Amino acid sequence: MNIRPLSHSESANLAALNEAGVKSVSLFVTATGLHKSIFDATEPMRALFIEEKFHDYAQQGRGERCKAVRTAYVHEASGTRPVSVSLYRPKTKDGDPRFWIYGFRRHAAHDDVVAIFILNGALHAINLTKTNVAEAVPGSELDIFLANLRMASYSVANELLKMLRDIASKGPILAACAGSTSVGRSVESALGIKANSSRDPDYKGIELKSGRSQLSARETRATLFACVPDWEMSQLKSSAEILHHFGYYRGTTFKLYCTVTTKGPNPQGLQLTVDEAARLLKEVSNKPDAPKVAIWKLSKLEQRLSEKHRETFWIKVKTEKVCGQEMFHLHSITHTRSPNIPQLERMLVDGTVTLDHLIKRVSPTRANEKGPLFKIVRAKIPELFLGKPRTYALS
């Protein structure tokens with residue numbers, strides 16, 4: 001898959017499109033695709049087409065006679081252009097799904113990033129590289145189009161926001177425990193939410209993610225969710241086996257605390273790769289004769305993201321020590337809604353979403369893992385959600 005990190009302006013344009021409640025897939029335009037007038041319909045794109053009841057390649061025959069032509073629109077700062085899109089499977093190349101937006105060379109160039117989405121039974125495209133979605137001219141056709149798509153249902157969020165503001169008005173809260181989970185547990189305790197191991201969101205469908213506003217190098221990422229590998233598909237069958245092959249001693253503790261990314265092997269030789277065709281995330285090792293470690297189905301990761309982050313309050317606190325005890329001042333909230341599921345795979349590929357192992361040996365035969373935890377670069381959070389994140393001050 002030809003994927004690169006989004007530029008600052010592209011990221012801002014995608015966030016603005018998300019604000020309108022649009023679930024999109026990113027098309028990374030290649031010179032070959034433009035020259036041959038063909039683009040591969042990636043797995044996320046095919047899944048989006050099916051979900052939106054736009055097109056199902058699995059039900060389509062091969063060859064020119066089976067080509068389907070649908071209505072499409074290209075949105076630019078100057079206005080909306082009605083076009084057509086062809087969807088087909090060639091007789092060669094194993095019938096790999098393809099599509100082409102007619103006249104697309106007039107709207108995109110090599111290395112552009114284009115958001116593809118479905119609305120009212122038609123395909124829509126916005127060039128995130130060339131179209132200033134984030135600062136659409138007020139009253140323009142593009143501005144009106146985006147405004148008409150925005151969602152506005154914030155009743156539970158307003159209720160929770162009021163509760164947090166009431167807590168903040170009473171002064172700092174005492175840390176409920178020590179360690180990396182102290183902020184989250186303290187905020188939940190102040191809200192009357194009991195500690196539990198449930199995978200469901202914390203408050204009436206809203207997930208709470210709390211952290212310090214004074215970020216250390218380790219806190220530039222936020223946890224999205226935990227998800228164990230598909231052990232049946234994985235070569236290693238447990239966290240204990242992963243620890244056995246890749247762990248190390250810190251003092252007397254045998255552990256594996258590390259971050260794994262697609263950008264290259266970490267000090268333990270572990271790296272993530274995305275198998276787009278098979279829809280799998282694979283953890284592999286660059287060490288000779290090392291096992292292939294673990295496998296996750298992308299559909300499972302997307303499901304966990306959807307379940308955990310339908311709506312999220314990302315809470316920041318300021319800390320201080322009072323008589324040797326840590327206290328938390330509720331500072332601000334970033335409110336996100338509806339994950340843009342098709343973006344998860346892209347963010348895994350470009351290294352925006354990473355994996356953390358937190359495994360340690362608790363007995364000669366048993367290991368304990370707090371994850372694996374999938375984390376996101378905090379600055380990139382807006383790219384992963386529909387609707388522009390709203391920020392509220394608490395103090």
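This briefing describes the sheets, helices, cores and selected residues of one predicted model. Because the model is predicted, local features need pLDDT of at least 70 and side-chain atom pairs count only at pLDDT 80 or more, while totals for chains, interfaces and linings use all residues. Residues are numbered from 1 along each chain as its sequence is written, and side-chain values use heavy atoms, with hydrogens and water left out. Helices (H or I, at least four residues) and strands (E, at least two) are DSSP runs numbered from the N terminus.

**The seven-stranded sheet**

- Seven strands form an open sheet of mixed pairing in the order β1-β6-β7-β3-β4-β5-β2, where two strands pair if DSSP finds at least two bridges between them.
- At the edges of this sheet stand β1 (25-28) and β2 (39-40), each of which pairs on one side only.
- Six bridges hold strand β6 (residues 113-119) and strand β7 (residues 122-127) in an antiparallel pairing, in which Ala115 stands opposite Ile126 of β7.
- Strand β3 (residues 68-76) pairs with β4 in the antiparallel sense over nine bridges, a hairpin joins the two through two residues, and Tyr73 is placed opposite Pro82 in β4.
- With β7, by contrast, β3 runs parallel and is joined by four bridges; here His75 stands opposite Ile126 in β7.

**Helix α3 on that sheet**

- Helix α3 (residues 43-51) lies across β1, β4 (79-88), β5 (98-101), β6 and β7, and runs at about 20° to β6; axes are lines fitted to C-alpha atoms, for helices over the stretch in contact, and angles run from 0 to 180 degrees between N-to-C directions.
- The buried residues of α3 are Glu43, Pro44, Met45, Arg46, Leu48 and Phe49, where buried means under 20% relative accessible area, exposed over 50% and partly exposed in between (1.4 Å probe, protein chains only).
- These buried residues pack against β1, β4, β5, β6, β7 and α9, with contact meaning heavy atoms within 4.5 Å.
- Lys53 follows α3 and has a positive phi, near 55°.

**The three-stranded sheet**

- Three strands form an open antiparallel sheet in the order β13-β14-β15, with β13 (270-275) and β15 (294-297) as edge strands that each pair on one side only.
- From one strand of this sheet to the next, the twist averages 20°.
- Between β13 and strand β14 (residues 280-285), which run antiparallel, there are six bridges, and Leu270 has Ser285 in β14 as its bridge partner.
- Helix α8 (residues 298-308) packs on the sheet and touches β13, β14 and β15, its direction making about 60° with that of β15.

**Nonpolar cores**

- The largest nonpolar core has 36 residues, and those with the most contacts inside it are Leu256, Leu301 and Phe374; such a core is a set of buried Ala, Val, Leu, Ile, Met, Phe, Trp, Tyr and Cys residues joined through side-chain atoms within 4.5 Å.
- Strand β12 (residues 253-260) gives the most to this core, with four residues.
- Leaving aside neighbours within four places in sequence, Leu301 is in contact with Phe225, Cys227, Leu281, Trp296, Leu344, Leu348 and Phe374.

**Aromatic rings and charges**

- A search of the whole structure finds eleven aromatic pairs, where rings of Phe, Tyr and Trp (its six-membered ring) pair if their centres lie within 6.5 Å, and planes under 30 degrees apart count as stacked, over 60 as edge-to-face and the rest as tilted.
- The pair of Tyr249 and Phe254 is tilted, because the ring centres lie 4.9 Å apart with the planes at 50°; Phe254 is buried, at a relative accessible area of 11%.
- Phe39, Phe99, Trp100 and Phe104 are linked into a cluster by ring pairs.
- Lys67 lies over the face of Tyr88, at 5.2 Å from the ring centre, and Lys255 lies over that of Tyr257, at 4.1 Å; the criterion is NZ of Lys or CZ of Arg within 6 Å of the ring centre and within 35 degrees of the ring normal.

- Thr352, in the loop between α9 (343-349) and β18 (353-363), is buried with a relative accessible area of 7%.
- Glu207 lies in strand β9 (residues 207-212) and counts as buried at 3% relative accessibility.
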